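Please read it alongside the sequence and the coordinates.

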Amino acid sequence: MYSSEREFNKVDPAHPNSLFGMGNPLLDISAVVDKDFLEKYGLKPNDQILAEDKHKALFDEIVKKFKVEYHAGGATQNSIKIAQWMIQDPHKVCTFFGCIGEDKFGEILKQKSEEAHVDAYYYEQTEEPTGTCAACITGDNRSLVANLAAANCYKKDKHLDLKENWKLVEKAKVYYIAGFFLTVSLESILKVAKHASENNKLFTLNLSAPFISQFFKDALMEVMPYVDVLFGNETEAATFSKEQGFQTEDIEEIAKKAEALPKVNKKRPRIVVFTQGKDGTIMTKGDKVETFPVLKIDQKDIVDTNGAGDAFVGGFLSELVQDKELEQCVKAGHYAANIIIRRAGCTFPEKPDFH
């Protein structure tokens, strides 16, 4: 890199609170399990679902039966944390809002956010315990079962609307919310999305899981006109296409059709980014769709793929918030995902080595 170019890249460094995330803060309970365990609870090897009554015993059983690790999780929180790790300095570029319980797990989440230098403002309540997510790992698949509990109790009027909290929203220039939060507080998402749109800031959303496109379709489509960058993976894209009646399974066509959906802020064309595991990531750019190969990794180096999608988004956002080119954002996403899959859970080494 030429020194003049390096100087140029310093024009817009990341400022504190410039990236805002809001979502479900969960404590991941992660373990390598066996096929019998998945079958017992009716789980697919690679999926994300919300816990039902039949899964209640799963959370106790996984702890008793397997060697578990606890990690701070929740999709949005993971991505925000990765973005902060990629940026390094200054601290607290990233803000996070979500709801936890006043309990031990809640304390762990607060401590982990602090260690990650994320500016987390949790709405704390006593009705429900802090949410958990069982990450059931088999080979390089992971089946996630989320028991939202406290995360489901986020209230716009009790937290987002408070003057000092809304000030932090106003400070940001890029916003990220995982589709999972659509099941919790649509009104909070809409308030943030409309603020971004009215002020020509970037609002980004993730399709997150097939069930969001299937069962929370109305909420998703209420937010879609405000979405500047839409993330998803190949499975989520296929489900979205089916639910929207796009009548195509071709991922590039799905991306184009998603890009063309109605949009409020006409100053920015929507960008659609779909990851495909070890296959290339596709991104719409105007009327083109580009494919970017992921970094090669040896199968034996993959520890678990839990958090890979979140890491990709975190890497992407870390460059987006610094006004970098979109190609550079994808590159950063691939770098972060490549690091995460070499480790258990959504964890990372002390410093990134990304240029």
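**Notes on the strand and helix arrangement**

1. Threonine 281 has phenylalanine 292 of β14 as its bridge partner. The two strands concerned, β13 (residues 279–285) and β14 (residues 288–292), run antiparallel and are joined by five bridges. Lysine 285 is placed opposite lysine 288 in β14. The strands β13 and β14 make a hairpin in which two residues lie between them, and glycine 286 in the turn has a positive phi of about 60 degrees. The model is a predicted one, and the remarks below should be read accordingly.

2. The overall dimensions may be stated next. The chain contains 14 helices and 14 strands. A compact globule of 355 residues would have a radius of gyration near 20 Å, and the 19 Å found for this chain agrees with that. The C-alpha trace spans about 55 × 45 × 45 Å along its principal axes.

3. The axes of α7 and α8 (residues 186–198) come within 10 Å and cross at roughly 40 degrees, which makes α7 oblique to α8. Their crossing is right-handed. Trp166, Val169 and Glu170 of α7 meet Lys191, Val192 and His195 of α8. By class, this contact of α7 with α8 comprises three nonpolar, one polar and two charged residues.

4. A second open sheet has five strands in the order β3-β8-β7-β2-β4, again with mixed pairing. Its edge strands, β3 (47–50) and β4 (69–73), each pair on one side only. Neighbouring strands of this sheet are turned by 20 degrees against each other on average, direction ignored. Within the sheet, β7 (residues 131–138) and β8 (residues 141–147) run antiparallel and are joined by seven bridges. Isoleucine 137 stands opposite arginine 142 in β8.

5. Which strands does helix α3 lie across? Helix α3 (residues 56–65) lies across β2 (26–32), β4, β7 and β8, and runs at about 55 degrees to β7. Helix α4 packs on the sheet as well, touching β2 and β4, and its direction makes about 80 degrees with that of β4.

6. The last point concerns a further partner of α4. Helix α4 (residues 75–87) packs with α13 (residues 308–320) at an angle of about 45 degrees, their axes being 7 Å apart, which makes α4 oblique to α13. α4 passes α13 in a right-handed crossing. On the α4 side the contact includes Ala75, Asn78, Ile82 and Met86; among the residues they meet in α13 are Asp310, Val313, Gly314 and Ser318. In all, the contact of α4 with α13 has seven nonpolar, five polar and one charged residues.

Definitions and conventions
Residues numbered from 1 in each chain as written. Predicted model: local features only at pLDDT ≥ 70, side-chain atom pairs only at ≥ 80, totals over all residues. Heavy atoms only, no water. Axes fitted to C-alpha atoms, helices over the stretch in contact; angles between N-to-C directions. Helix = DSSP H or I, 4+ residues; strand = E, 2+ residues; numbered from the N terminus. Parallel < 35°, antiparallel > 145°, perpendicular 65-115°, else oblique. Left-handed = near helix turned anticlockwise from the far one by under 90°. Contact = heavy atoms within 4.5 Å. Nonpolar A, V, L, I, M, F, W, Y, C, P; charged D, E, K, R; others polar. Pairing = 2+ DSSP bridges. Rg over C-alpha atoms; globule rule 2.2 N^0.38 Å.
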